[in-house]
Amino acid sequence: MADPLPVCYLNGAYLPLSEARISPLDRGFLYADGVYEVMPVYGGRPFRFPFHLERLARSLAGISMEDPHSGQEWRGILGTLIERNGGGDQYVYWQVTRGAQFGRTHAPLPRIPRTVFAFGAPWPAPPPGLLEQGVSCVSAADTRWARCDIKATALLANVLLRQLSVDAAAAETILLRDGELTEASSAAVHVALGGEVLMPPNSPRILPGTTRSVVEEMAARAGIPWRVASVSETQLRAADEIWISAATREVQPVTMLDGHPVGTGRPGPLWRRVYEELQRFKQELASTPW
């Protein structure tokens, strides 16, 4: 993974990332009391900024915290950060924590200045052989907390689940709860069965994915039927195609699950149509204002 880009934003200032400092009493550090977003940037242009801003607002509301910035202020902060890091293809991480409280108390939630932090990183290269070979995944029980719809910085369970796939030399860990698919440790999951694409319904168990919504749109543009429906473990393992999608992954075909081939064991035709439609969509947006 490439090193982050050199300039970050912290509480009103742009400074070298290597010099950024926060208080050890920040509630984000002590409690993971904060939320975040990750947004792709193509050719210096943020991708689906309004959708990320809307999800940030929902996450903040979910932890009883007001947004410290207006949409226009966020646009200025992130736009300047992107420019100072040279534009081009990158992604931006931005987060808000409840702030640094003098002392440590669980409640009441303090009304103190929020800590706002953002940095950029080069756009990650896709895995070698993605287009022809796809990626492999493993499955595991979904052991995360009950409010996965909040994009919180409390990601320890996700980290441990993701490590299972690293240990298995796989790309992701696909999660199951009560016999049904939820999502992956850091991605949404799409299942193709009988020419139709299924996506589990949004709920407190699932993060509403901005890239997932892009995949839905691209499937519609490509004339592929899709619907939101519960997906059983049996359906998952019998799928013709499985895809994972996330801001820094776009949409990737899963060709092996727990050591068994998915469908033909090669990237499927529906995935390829959606992937190609997404590349065309990105080109269409390249010259439009964000």
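How many residues does helix α3 have, and how far does α3 reach from its first C-alpha to its last? This is a predicted model, and in it α3 runs over residues 71–84, which gives 14 residues. The reach is 20 Å, close to the 20 Å expected at 1.5 Å a residue.

Staying with α3, the buried residues there are Trp74, Ile77, Leu78, Gly79, Leu81 and Ile82. As background, residues three or four places apart on an α-helix point the same way, because there are 3.6 residues a turn. Just after α3 comes Gly86, with a positive phi of about 95°.

Now the aromatic rings. Searching the whole structure gives 11 aromatic pairs. One of them is Phe47 with Phe281, an edge-to-face pair with 6.1 Å centre to centre and 75° between the planes. Where do the two residues lie? Phe47 is in the loop between β4 (45–46) and α2 (49–62), while Phe281 belongs to helix α8, residues 269–285. The pair therefore ties together parts that are 234 residues apart in sequence. Are Phe47 and Phe281 buried or exposed? Both are buried.

There is also an aromatic cluster, formed by Tyr36, Tyr93, Phe117 and Phe119.

Last, charges over rings. Arg48 has its charged end over the ring of Phe51, and the distance from the ring centre is 4.0 Å. The other case I want to show is Arg75, which lies over the face of Trp290 at 4.8 Å from the ring centre.

Notes:
Residues are numbered from 1 along each chain as its sequence is written. This is a predicted model: local features need pLDDT of at least 70, side-chain atom pairs count only at pLDDT 80 or more; totals for chains, interfaces and linings use all residues. Side-chain values use heavy atoms; hydrogens and water are left out. Rings of Phe, Tyr and Trp (its six-membered ring) pair if their centres lie within 6.5 Å; planes under 30 degrees apart count as stacked, over 60 as edge-to-face and the rest as tilted. Helices (H or I, at least four residues) and strands (E, at least two) are DSSP runs, numbered from the N terminus. Buried means under 20% relative accessible area, exposed over 50%, partly exposed in between (1.4 Å probe, protein chains only). A charge sits over a ring if NZ of Lys or CZ of Arg is within 6 Å of the ring centre and within 35 degrees of the ring normal. The expected span of a helix is 1.5 Å times one less than its number of residues.
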